[in-house]
Structure formats: structure tokens, C-alpha cells
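I opened my notebook for a quick tour of this model. Here is what I looked up, entry by entry.

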Amino acid sequence: MLFGNVYKIENIGSFDFGHVAYAVIMTILIFAAAVFFSGFITKDGPTRGSLVQGIFRSNYTLIGIPLAESLFGAEGTAAAAVLSAFVIPVFNVLAVAELLSFSGNGKRPTAKKILFDIAKNPLIQGVAAGFLALLIREFFVSAEISFRLYDIAPVEKVIGYISAMATPLSLIVLGADFEFSAISSLKKEIVFGTAARCLFVPLAGVGTAFLLFRGTFDGAQFAAITALFTAPVAVSSIPMAQEMGGNTTL
């Protein structure tokens with residue numbers, strides 16, 4: 001799905017780097033705030049790692065981009081796809097770094113370990129592969145070569161089928177994995193994390209954009225920003241927490 005989103009970007013020249021920079025910088029600021037304030041809620045490393053991930057990391061691919069489309073049609077989708085190419089790697093780099101740091105195994109992760117885990121992250125690989133295909137397509141355009149990857153019909157269909165399956169399958173698996181019995185023991189973390197994700201993050205991300213850039217960003221870009229900062233926590237947070245020693249139940 002990520003590969004398809006990146007490859008569908010019309011051309012690299014269509015990037016509004018001011019819009020991208022705002023999304024990336026605000027994401028990093030929200031991450032920093034989540035790391036700071038989560039320390040007042042819990043001192044348990046794995047629980048703190050999952051709490052931070054639940055606050056700053058949105059389900060942009062599965063829910064955010066379809067939300068941007070519903071808000072502003074094809075233009076909203078295009079703006080959201082551009083943001084996804086940059087924000088998804090940032091989400092994953094930050095998540096890997098903080099989960100390893102708070103894993104509670106008594107060892108500080110080395111830079112090599114963090115970089116290796118980032119490189120083998122499938123979401124980052126999907127974006128990277130999309131960028132590589134996009135660069136090859138740009139080369140073909142400049143060289144006046146008419147061939148495109150999606151001219152191979154089976155490839156386009158397979159990517160399309162798997163992309164369409166991603167959202168419903170992920171949500172079904174998420175529901176199957178839910179443990180109601182854990183709510184009482186994690187009440188404080190759930191309330192704080194949900195309030196931060198549903199109230200603070202949208203107010204900070206969308207509110208700041210409206211106050212500072214309402215004369216700069218257009219409707220499609222605001223749809224992408226709104227989708228980025230109002231989507232719920234990423235489904236992929238669960239397997240990442242499982243793999244890197246976070247509190248999977250939370």
C-alpha cells in the first residue's frame with residue numbers, strides 16, 4: 001500500500017517542501033512532548049515505550065489517506081500521499097529508537113542496532129521501494145521513454161489487490177487482538193494516551209497549522225494535515241511493540 005501511494009505521486013517536482021517540513025517538524029515536537037510527559041504517567045520502560053508510540057504515531061496509511069480523500073477528493077489523496085512518503089519513515093525511525101531505548105532489557109541500544117532495525121522495517125522498505133520506482137520513472141520521463149511499471153498489468157493488479165486488502169484486514173486483526181481484561185490494570189495509561197491522541201495532538205497539529213499557515217496551505221494540504229494528526233494510533237504499533245520489547249497489551 002505504501003509503495004503504491006508513493007509511486008502514484010505525479011512527479012517529484014510537485015512536492016511542497018514547506019508543507020512537508022511542517023508535518024515532519026510538528027511530528028517530532030509531538031514525539032518529544034510524548035516522551036517528556038509519559039515519564040510522569042509510568043516509570044516502566046516497556047509501558048512508556050508503547051504509550052509514547054500510541055500518542056505520536058498515527059494510522060496515516062490505513063485511515064489517514066482515505067480520510068484525506070473523503071475531505072478533499074483526489075487532491076487531498078495526492079497531498080496526503082506526498083506527506084506519507086516523508087512522515088511514515090519519520091514515524092518508524094522514532095518508534096524504533098524509543099522502543100529500543102525503553103525496552104527494559106538493561107542494555108542501551110547502539111546506533112548500529114537502531115539503524116539495522118530501521119532498515120529492516122517493512123514500512124520503511126515499502127516507502128523506499130516506492131521512491132526508487134518513482135526515481136526510475138522520472139528518469140524514463142526525462143529520457144522520453146514511454147514505459148511505466150504499471151504498464152505491466154499483472155503487477156498493477158497485484159499491488160492494487162494487496163493495497164485494497166490492507167485496511168480491512170489490519171482492522172479485523174486489531175479487533176481480534178483486543179483484550180478487555182487488561183483495561184483495569186492499564187487504566188491510567190489508556191486514559192492519558194487516548195486523551196493525548198484524540199485531543200492534544202489534533203489541537204497541536206491542526207490548530208498550529210490553522211493559526212500560522214491558513215494563508216499558505218490550500219484545502220488539499222489542510223485535508224492531509226488533518227488526516228495526519230487526527231487519525232488514531234497506527235495498527236502497526238502492535239507488531240513493532242512485540243518485536244522490540246514494548247508493552248504489547250497496552
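**Entry 1: a loop residue.** I began with Glu144, which counts as exposed because its relative accessibility is 75% (buried is under 20% relative accessible area, exposed over 50%, partly exposed in between, with a 1.4 Å probe and protein chains only). I found Glu144 in the loop between helix 6 (122-142) and helix 7 (153-176); helices are DSSP runs of H or I with at least four residues, numbered from the N terminus. Glu144 has a positive phi of about 60 degrees, although it is not a glycine. I noted beside it that most residues other than glycine have a negative phi.

**Ground rules.** I kept in mind that this is a predicted model, where local features need pLDDT of at least 70 and side-chain atom pairs count only at pLDDT 80 or more, while totals for chains, interfaces and linings use all residues. Residues are numbered from 1 along each chain as its sequence is written, and side-chain values use heavy atoms, with hydrogens and water left out.

**Entry 2: Gln125.** Next I went to helix 6, where Gln125 lies. Gln125 counts as partly exposed, because its relative accessibility is 40%. Leaving aside neighbours within four places in sequence, I saw Gln125 in contact with Ala119 and Lys120 (contact means heavy atoms within 4.5 Å). I also looked up Leu2: its C-alpha atom is separated from that of Gln125 by 9.1 Å, though the two residues are 123 apart along the chain.

**Entry 3: helix 5.** Which residues of helix 5 (residues 111-119) are buried? I listed Ile114, Asp117 and Ile118. They cover an arc of only 105 degrees around the axis, so they sit on the same side of helix 5; the arc is that of the directions from the helix axis to the C-beta atoms. The buried residues pack against helix 4 and helix 6. On the other side of helix 5, I found Lys112, Leu115, Phe116 and Ala119 exposed.

**Entry 4: helix 2 and helix 4.** The axes of helix 2 (residues 17-41) and helix 4 (residues 60-101) come within 10 Å and cross at roughly 20 degrees. Therefore I wrote down helix 2 as roughly parallel to helix 4 (angles under 35 degrees count as roughly parallel). Axes are lines fitted to C-alpha atoms, for helices over the stretch in contact, with angles from 0 to 180 degrees between N-to-C directions. Among the residues that meet are Phe17, Val20 and Phe31 in helix 2 and Phe86, Phe91 and Glu98 in helix 4.

Terms used
Helices (H or I, at least four residues) and strands (E, at least two) are DSSP runs, numbered from the N terminus. Angles under 35 degrees count as roughly parallel, over 145 as roughly antiparallel, 65 to 115 as roughly perpendicular and the rest as oblique.
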